[in-house]
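Here is a walk through one protein chain, taken a piece at a time. Keep the sequence and the 3D view at hand as you read.

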Amino acid sequence: MKDSVIRQVETSASRTELDALADLLVDSSPQEILAEAVHCFPRMTFATGFGIEGCLLIDLIARSGLRIDVFTLDTGLLFPETYELWRRLESRYGLTIRGVRPEKTVAQQAAIFGDRLWERQPERCCGMRKVLPLREALAPFEAWVSAIRRDQTRERAGVRILEWDATFGLVKVNPLALWTSEQVWSFVRSNDVPFNLLHEQGYPSIGCVPCTSRVLSGEDPRAGRWRGREKKECGIHSRVESRAVSWNLERKETSHDVQAG
Ligand code: SF4
């Protein structure tokens with residue numbers, strides 16, 4: 001039996017519906033969550049930064065044959081190891097990970113705003129190189145997948161498995177919200193998922209070269225991002241109102257038949 005309803009997300013009723021679906025999925029595996037989410041929101045994309053969690057989700061998406069678009073924000077400032085991982089993942093899983101790039105190259109940005117804008121105005125730099133390109137990339141979709149987990153930072157502690165992303169105006173799916181770092185690494189090792197070699201060299205969280213440094217023993221895993229600054233996020237996981245979207249919230253009774261590998 002199918003229960004099909006059309007909902008406008010901007011109404012409180014539909015957000016309640018989204019919360020209810022999130023509650024239903026709380027004991028589901030990430031693979032089950034992805035399968036159910038893409039069933040409800042067929043126009044779905046995954047924005048990966050190639051962190052360890054992102055590699056795990058690419059593995060699940062590819063091995064399950066889920067029709068989920070995958071892209072990465074290529075700021076032009078990623079580590080060589082990250083570009084190499086990008087190619088390795090595409091080759092391993094036979095999929096295309098689209099590169100979404102800012103309007104301006106690093107050189108063009110420097111010509112207008114001065115060299116190393118990230119040192120003087122990292123919010124502006126992230127805005128131009130990450131947030132704006134992400135906003136444009138997400139516009140055609142009704143839902144996007146993110147690899148964030150609750151225990152990564154205080155700012156992420158409240159994320160739900162499914163939530164309305166008011167910043168970008170679509171549903172956000174966080175299949176790993178309730179997973180720990182240990183669970184992620186155990187899955188990656190067990191399934192031989194490719195990952196960034198920098199993780200084994202003191203970089204638990206990897207972003208752009210100028211804004212990523214090694215983490216010392218005992219430090220927070222994200223301590224190496226924008227070290228010495230208040231900034232903890234690039235601005236793509238915050239919450240502000242934006243556009244509305246409708247979706248076909250169609251559920252099957254036996255929707256939890258996909259098992260995590
Ligand atoms: S992480 Fe740093 S270099 Fe990358 S876009 Fe943000 S401020 Fe710019």
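Arg116 is partly exposed, because 13 other C-beta atoms lie within 10 Å. The scale behind that word calls a residue buried if 20 or more other C-beta atoms lie within 10 Å of its own, exposed if 12 or fewer, and partly exposed in between, with C-beta atoms placed from the backbone. You will find Arg116 in the loop between α5 (106-113) and α6. Helices (H or I, at least four residues) and strands (E, at least two) are DSSP runs, numbered from the N terminus. The phi of Arg116 is near 50°, a positive value in a residue other than glycine. Most residues other than glycine have a negative phi.

A word on what you are looking at: this is a predicted model, in which local features need pLDDT of at least 70, side-chain atom pairs count only at pLDDT 80 or more, and totals for chains, interfaces and linings use all residues. Residues are numbered from 1 along each chain as its sequence is written.

Leu117 lies in helix α6 (residues 117-120). With 19 C-beta neighbours inside 10 Å, Leu117 counts as partly exposed. Leaving aside neighbours within four places in sequence, Leu117 is in contact (C-beta atoms, placed from the backbone, within 7 Å) with Gln109, Arg124 and Cys125.

Now step back to the whole chain. It has eight helices and eight strands, and 36% of its 261 residues count as buried. Among contacts with a separation of 6 or more, 76% join residues 24 or more positions apart.

Six of the strands form an open sheet with mixed pairing, in the order β4-β3-β2-β5-β7-β6; two strands pair if DSSP finds at least two bridges between them. At the edges are β4 (98-100) and β6 (162-165), each pairing on one side only. On average, neighbouring strands of this sheet are turned by 35° against each other, direction ignored. Helix α7 (residues 122-138) packs on the sheet, where α7 touches β2, β3 (69-73), β4, β5 and β7 (170-173). The direction of α7 makes about 165° with that of β3; such angles run from 0 to 180 degrees between N-to-C directions, and the axes are lines fitted to C-alpha atoms, for helices over the stretch in contact.

Follow strand β2 (residues 44-47) next. Three bridges join β2 to β5 (residues 143-145), and the two run parallel; Phe46 stands opposite Val145 in β5. Three bridges also join β2 to β3, again in parallel, and in β3 the bridge partner of Ala47 is Phe71. In a regular strand the side chains alternate between the two faces of the sheet. Both faces of β2 are covered: Met44 and Phe46 are buried on one side, Thr45 and Ala47 on the other.

Which residues have the most contacts inside the largest nonpolar core? They are Ala37, Met44, Ala143 and Trp144, in a core of 56 residues. A nonpolar core is a set of buried Ala, Val, Leu, Ile, Met, Phe, Trp, Tyr and Cys residues joined through C-beta atoms within 7 Å. Beyond its neighbours within four places in sequence, Ala143 is in contact with Ala37, Phe41, Met44, Leu170, Val171 and Val173.

Ala37 is also one of the buried residues of α2. In helix α2 (residues 30-40), 10 of the 11 residues are buried, so α2 is largely enclosed by the rest of the structure.

Thr82, Leu85 and Leu89 are buried in α4. Seen down the axis of α4, the buried residues fall within an arc of 50°, so they line one face of the helix; the arc is that of the directions from the helix axis to the C-beta atoms. What covers them includes α3 (52-64). On the face of α4 turned away from its buried side are the exposed residues Pro80, Arg87 and Ser91. Just after α4, Gly94 takes a positive phi of about 65°.

Finally, visit the loop between α8 (181-190) and β8 (246-252), the place of Ala223. Asp192 lies in the loop between α8 and β8 as well. With 9 C-beta neighbours inside 10 Å, Asp192 counts as exposed, and its phi is near 55°, a positive value in a residue other than glycine.

Conventions
Two residues are in contact if their C-beta atoms, placed from the backbone, lie within 7 Å.
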